[in-house]
Amino acid sequence: MSRRLSEAVRARNEALPWAGHIDAAAPGFAAAAAVDEAHAARIRLQLRAPSSERIEEARFLAFGCPSVIACASWVAERAVGAGVAAARDVRAEAVVEALQVEPDRIYAAELAVRALGAAIADWEGRYANGVDAGRSGE
Amino acid sequence: MSSSLVAPRLPIYLDHQATTPIDPRVRAAMLPYLEDRFGNAASTSHRFGWIAEEAVEKAREQVAGLIGASTSEIVFTSGATEANNLAIVGAARAYGVPAHEQALVEAARAGAVDASRLPERLREWVSEAGVFRDHLVTVSTEHKAVLDPIAALTAEGYASTVLGVPESGLLDVEAFDRALDPQRTILASVMAANNEIGVLQPIEALGARARAKGVLFHTDASQALGKIDLDVRTMPIDLLSISGHKLYGPKGVGALYVRRKAPRVSLVPLVHGGGHERGLRSGTLDVPAIVGLGEACAIAGVERVAEGARLRALRERLLAGVRARLSHVEVNGDLERRLPGNLNLSFRYVEGEALIHALKDVAVSSGSACTSALREPSHVLRALGVGDDRAHASIRFGLGRGTTEEEIDFVVEALADRVTKLRAISPEWDALQRGPVRWEAP
């Protein structure tokens, strides 16, 4: 089933901003994936933060309806430039509001936020003793 | 395949199994009946009514002519959904006895209930020792307009068997035969062509098995009529549902063929109030729509064979083009026994709705629907057992009378481009290329 989408969701599906990969060997690299089996949706999020002060780069891969793709893109964009702690505070409600996500697609925003949270958790696990002491790579 | 030099007009409509545009010839035939020929076909006292009645009877001849029926066997309805309901529910009520009524009859047989107080249609059962007819047979890939009335009857106390199909979507004739109980089964309903995967069921063989066991055979021919040969003179079909808007006619009109001889089929009407259509479907006839349906049938009768060959060639062009440009593409349902204008493909590692959105200049439909609670694969694809991932990646292409080679070539190029882009952001596709993904625990 397709549907009329909000302009914001449509635009992100056409341009696919922030889709792709980050070099896993880069210092401060972290990655995680989240899945919503009920909606057959998956998001993989990669980020690069040389310090906890600033996420320099974020990229996503996504399988799901246009709302899933748009939410993954928005979350990646929102993470870039933010500190790790601030990125952890991104809420699904903010995604829904920014993209005008339909009520029956709120799961897409929740999944994207979950993917971001998992990527941040991965970053924190890798670099608990500082980026120089941590491990990059997939 | 040579690439096209002519740019098609956008958007391109490839959803002809959902609905078809009204043929200009159909529209022209209808217009006078939306204007000065506005009479009620039931008005017998003046020329306005006579003109309308003549038009309805001409349309009845046109509809009957397309399937080899007599005019007295055609009942106009609001569409195929109503025709299916009239066939299934009407036959069940005419021939069957649901569980709670069986209990009443049994009580009367035992003398525990006064038989004269039973409804008239149950009284004859009291003196008969036979088994009650209460069973219906259908297939898991039927349209909801068949499955739902049978489910409703089951809730009323009738019994039903819903047969499965293999991955081809083709019903096994022997399995069908085994499901028919000559004493209990009232009716079997199997669609002539599937609306999602276009598969053509062997209705002649199925109807013969039903006939041999004294079971009524109904087919929903909404998708098949005008695309394949359907002749009730030679085919053992007792009831056949027709839709106007799948046949380049108007929406809101259809018909039910009801066999009058060998056997004569009886139905209990669902709509009362005037006795129109030989008492089977009361209500003022929609004369313009009926005229449109008749004209659509007349055109289909003339053009069916040539148009079928043209559509089959276009479908083969589409499939060959897609396969030449993309890997991991699967055909859903049997490719050979299929409507000429239907192709249902799964583009693995791409989600169907995302692809439909990306194909913004092409109108197609997907094989899954999303609700707030879950994403549900279509019941047809699920019945094929192809797996949810493949069902979520499916797209139905419905080619039709207006489809051109240029459009097909455009669609092939658009698919190659959009599928490649969506696969590039697909974690599954990425895993296929680079290695497995470590998923977060759900």
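**Group meeting: packing in a two-chain model**

I'll start with B:L293, which has its place in helix α9 of chain B. Keep in mind throughout that this is a predicted model. B:L293 counts as buried, because its relative accessibility is 0% and the cut-off for buried is under 20%. Leaving aside residues up to four places away in sequence, B:L293 touches B:V63, B:F76, B:I242, B:S243, B:G244, B:P250, B:V253, B:G254 and B:A255. For a sense of distance, take B:G111, which is 182 residues from B:L293 along the chain. The C-alpha atoms of B:L293 and B:G111 are separated by 53 Å.

B:N332 lies in the loop between β9 (329–331) and β10 (342–347) of chain B. Is B:N332 buried or exposed? B:N332 is buried, with a relative accessible area of 0%. Its side chain makes a polar contact of 2.8 Å with the side chain of B:R390. The residues that B:N332 touches, not counting those up to four places away in sequence, include B:I197, B:R338, B:N344, B:L345, B:S346 and B:S394.

Staying in chain B, look at strand β3, residues 135–139. Here 5 of the 5 residues are buried, so the strand is largely enclosed by the rest of the structure. In a regular strand, side chains alternate between the two faces of the sheet. For β3(B), both faces are covered: B:H135, B:V137 and B:V139 are buried on one side, and B:L136 and B:T138 on the other. Strand β3(B) is joined by 5 bridges to β4(B), residues 159–163, and the two run parallel. The bridge partner of B:T138 in β4(B) is B:V162.

Now two helix pairs, one from each chain. In chain B, helix α4 (residues 99–109) packs with helix α5 (residues 120–127) at an angle of about 50°, their axes 9 Å apart. The two are therefore oblique to each other. The contact is made by B:E101, B:V105, B:A108 and B:R109 of α4(B), and by B:R121, B:L122, B:W125 and B:V126 of α5(B). The crossing of α4(B) past α5(B) is right-handed.

In chain A, helix α1 (residues 7–15) and helix α2 (residues 66–79) pack at about 85°, with axes 9 Å apart. They are therefore roughly perpendicular to each other. From α1(A), the contact uses A:V9, A:R12 and A:N13; among the α2(A) residues in it are A:P66, A:I69, A:W74 and A:E77.

Chain A also has a sheet. Its 3 strands form an open sheet in the order β1-β2-β3, with antiparallel pairing. Strands β1 (29–36) and β3 of chain A stand at the edges with a single partner each, so one side of each has no neighbour in the sheet. Neighbouring strands are turned by 15° against each other on average, direction ignored. Strand β1(A) is joined to β2(A), residues 41–48, by 8 bridges, and A:V35 stands opposite A:R42 in β2(A).

Finally, where do the two chains meet in this part of the model? Helix α14 of chain B, residues 427–434, lies across β2 and β3 of chain A and runs at about 100° to β3(A). One residue to look at there is A:L61, found in strand β3 (residues 57–63) of chain A. A:L61 is buried, with a relative accessible area of 2%. Among the residues A:L61 touches are A:R42, A:I43 and A:R44 of chain A, and B:P427 and B:D430 of chain B.

How values were computed:
Residues numbered from 1 in each chain as written. Chains lettered and ligands numbered in written order. Predicted model: local features only at pLDDT ≥ 70, side-chain atom pairs only at ≥ 80, totals over all residues. Heavy atoms only, no water. Helix = DSSP H or I, 4+ residues; strand = E, 2+ residues; numbered from the N terminus. Buried < 20%, exposed > 50% of the residue type's maximum accessible area, 1.4 Å probe, protein only. Contact = heavy atoms within 4.5 Å. Polar contact = N/O pair within 3.5 Å; in protein donor to acceptor, adjacent residues only side chain to side chain. Pairing = 2+ DSSP bridges. Axes fitted to C-alpha atoms, helices over the stretch in contact; angles between N-to-C directions. Parallel < 35°, antiparallel > 145°, perpendicular 65-115°, else oblique. Left-handed = near helix turned anticlockwise from the far one by under 90°.
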